[in-house]
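Subject: Structure handover

Hello,

Here is the structure we talked about. Please open it alongside this email; my notes follow below.

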Amino acid sequence: MSSVCVQSITTRRSQKLVQAPGPNAEQLQQLLAAAVCAPDHSALRAWRFVLIEQQNVGALTDLAIAAMRRSGREITEQKEQNTRKWLSSVPLLIGLAYKISHDNEKVPEIEQTLSMGAAVMNIQNAAHMMGFSTYWSTGLGTYTDEVPEALGLDTLDYRFVGFLAVGTPSVKLPPAQRPDPATLTTTWQP
Ligand SMILES: Cc1cc2nc3c(=O)[nH]c(=O)nc-3n(C[C@H](O)[C@H](O)[C@H](O)COP(=O)(O)O)c2cc1C
């Protein structure tokens, strides 16, 4: 039993090209329930998720491209076309953020960031277990003020960490190449 569970983690790979159907209401609740099981020092409950449903992804795309240009980022016509093509079939984007616990002596911001990353990872793994694919992107104006603020996230209070595209994989990808964990691991001895 446990090796099947581990396999569902080791077989996950990110996939940018996803299409409808996305998760239904019940599946989405399950994904978000997985997210809020992330480790959370001091129970800050800082995670925030902004759902952008398929009919609104086009408006988000327009907003993000304009915001990136206004912030001085150069976006070629080709890049814009590629971005629009990618997003035109995405059934669900989830905007990802956490409420910053400023000057928290017990939980420095690195821990708040890590908890957010763990919450997103839980969504990615749970989505994979349901047969969906996901793709975490910090394109789309993540680091502008304009995009998070348009999503209702005042950048003084919230750290916006990007978007997760969620949907049915458009093509079947081969397994990802992963490193040998032994090359990344040491055993400490006193
Ligand atoms: C916080 C974060 C932001 C990312 N932003 C981007 C991005 O903007 N563009 C991109 O091509 N990949 C981005 N990636 C990488 C992909 O989401 C994905 O992890 C990568 O393609 C490797 O796939 P894997 O998850 O199967 O290992 C980001 C990953 C993380 C963790």
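Strand β3 (residues 92-99) and β5 pair in an antiparallel way, over eight bridges. Strands here are DSSP E runs of at least two residues, helices are H or I runs of at least four, and both are numbered from the N terminus. Two strands count as paired if DSSP finds at least two bridges between them. Within this pair, isoleucine 94 sits opposite leucine 164 of β5.

This is a predicted model: local features need pLDDT of at least 70, side-chain atom pairs count only at pLDDT 80 or more, and totals for chains, interfaces and linings use all residues. Residue numbers start from 1 along each chain as its sequence is written.

β4 is joined to β5 by five bridges, and the two run antiparallel. Threonine 134 faces valine 166 in β5. Strand β1 (residues 18-19) also pairs with strand β5 (residues 158-169), antiparallel, over two bridges. There, glutamine 19 is opposite threonine 168.

Now the ligand. Which residues are around the ligand? They are Arg13, Ser14, Tyr135, Trp136, Ser137, Thr138, Gly139, Gly162 and Ala176. A residue is near the molecule if its C-beta atom, placed from the backbone, lies within 6 Å of it. Strand β4 (residues 133-137) gives the most to this shell, with three residues. By class, the shell has three nonpolar, five polar and one charged. Nonpolar covers Ala, Val, Leu, Ile, Met, Phe, Trp, Tyr, Cys and Pro; charged covers Asp, Glu, Lys and Arg; the others, Gly among them, are polar.

Next, the helices. Helix α2 (residues 25-35) packs on helix α5 (residues 109-129) at about 140°, with the axes 7 Å apart. α2 is therefore oblique to α5. Axes are lines fitted to C-alpha atoms, for helices over the stretch in contact, and angles run from 0 to 180 degrees between N-to-C directions. Under 35 degrees is roughly parallel, over 145 roughly antiparallel, 65 to 115 roughly perpendicular, and the rest oblique. The α2 and α5 crossing is right-handed. Right-handed means that the near helix is turned clockwise from the far one by less than a right angle; anticlockwise is left-handed.

On the α2 side, the contact is made by Gln30, Leu31, Ala34 and Ala35; α5 supplies Ala119, Asn122, Ile123, Ala126 and Ala127. Contact means C-beta atoms, placed from the backbone, within 7 Å. Seven of these residues are nonpolar, two are polar and none is charged.

Helix α3 (residues 54-70) and helix α4 (residues 77-88) cross at roughly 160°, and their axes come within 10 Å. So α3 and α4 are roughly antiparallel. Their crossing is right-handed. Val57, Thr61 and Ile65 of α3 meet Glu80, Thr83, Arg84 and Leu87 of α4. This contact divides into three nonpolar, two polar and two charged residues.

Two backbone points to check. Most residues other than glycine have a negative phi, and most peptide bonds are trans. The bond from alanine 20 to proline 21 is cis, with omega near 0°. Proline 21 is in the loop between β1 and α2. Alanine 43 is not a glycine, yet has a positive phi of about 50°. Alanine 43 lies in the loop between α2 and β2 (47-53).

Best wishes

Methods: Two residues are in contact if their C-beta atoms, placed from the backbone, lie within 7 Å.
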